[in-house]
Amino acid sequence: CIRDRGEVTAFVNYMTQIALALVRAAELMVSLTKAEASAKRISKVLEIQPDLVGGTDTLQQDHSTAAVVFDNVTFSYPNAGAPAVSQISFDLQPGQTLGIIGGTGSAKSSLVNLISRLYDVNGGAVYVGGRDVREYDIETLRDEVSVVLQKNVLFSGTILDNLRWGNKNATEEECRRACELACADEFIERFPDGYKTYIE
């Protein structure tokens with residue numbers, strides 16, 4: 001009788017282990033199926049050719065011309081009913097500051113994104129350094145045009161580590177100079193550890 005109970009207990013334990021193994025195998029098959037579908041989607045995204053075609057010019061500032069010029073610019077998002085920006089014109093001279101004020105959704109960010117060619121204008125032209133942004137090599141243009149968006153993201157690390165996200169080989173002196181130009185140096189130096197302050 002004891003032997004029979006032991007055999008039953010062993011049988012139940014073995015069956016439980018087999019059942020758990022089968023459940024794990026089924027979960028693995030589901031994960032593999034999801035992974036395959038995800039890989040196909042990622043592959044399709046990577047195969048997409050960008051609509052924006054860059055020029056070949058490098059960015060060389062001509063100080064005799066305006067730094068940024070919007071010449072009768074009109075821009076609308078695909079499938080949008082109305083243009084986000086319509087017939088905007090202004091000149092921004094080197095060293096000059098321009099404030100753009102408007103409510104949420106009034107195309108302030110869209111206007112700025114046209115400078116670095118995240119989008120292309122539908123009408124008119126945007127000039128940087130005296131040349132149409134469409135004439136520049138896109139990578140060169142985006143390396144030279146800096147945009148600070150309204151949604152900030154801080155990564156765990158020091159302030160210096162965060163500053164180096166744009167250029168991991170930047171020296172501390174270059175980071176300090178960038179902060180001086182952005183008028184952020186005074187704020188950073190108020191921290192006891194300055195640029196070495198840990199943030200997250």
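Here is a short walk through the protein chain, from its overall outline to one set of paired strands.

First, some ground rules: this is a predicted model, where local features need pLDDT of at least 70, side-chain atom pairs count only at pLDDT 80 or more, and totals for chains, interfaces and linings use all residues. Residues are numbered from 1 along each chain as its sequence is written, and side-chain values use heavy atoms, with hydrogens and water left out.

Start with the outline. The C-alpha atoms fill a box of roughly 105 × 50 × 35 Å along the principal axes. The radius of gyration is 28 Å, whereas a compact globule of 200 residues would come in near 16 Å (it is taken over C-alpha atoms, and the globule rule is 2.2 Å times the number of residues to the power 0.38). Buried residues, meaning those under 20% relative accessible area with a 1.4 Å probe and protein chains only, make up 22% of the 200 residues.

Now the secondary structure: the chain has six helices and six strands, in the order α-β-β-α-β-β-α-β-α-α-α-β. Both are DSSP runs numbered from the N terminus, with helices (H or I) of at least four residues and strands (E) of at least two.

Zoom in on strand 3 (residues 123–128), which runs antiparallel to strand 1 (residues 68–75) through five bridges; strands pair if DSSP finds at least two bridges between them. Strand 3 also has two bridges to strand 4 (residues 131–132), again antiparallel. Look at Tyr127 in strand 3: Val69 stands opposite it, and Asp132 is its bridge partner in strand 4. Two residues lie between strands 3 and 4 in their hairpin, where Gly129 takes a positive phi near 60 degrees.

Notes:
Buried means under 20% relative accessible area, exposed over 50%, partly exposed in between (1.4 Å probe, protein chains only).
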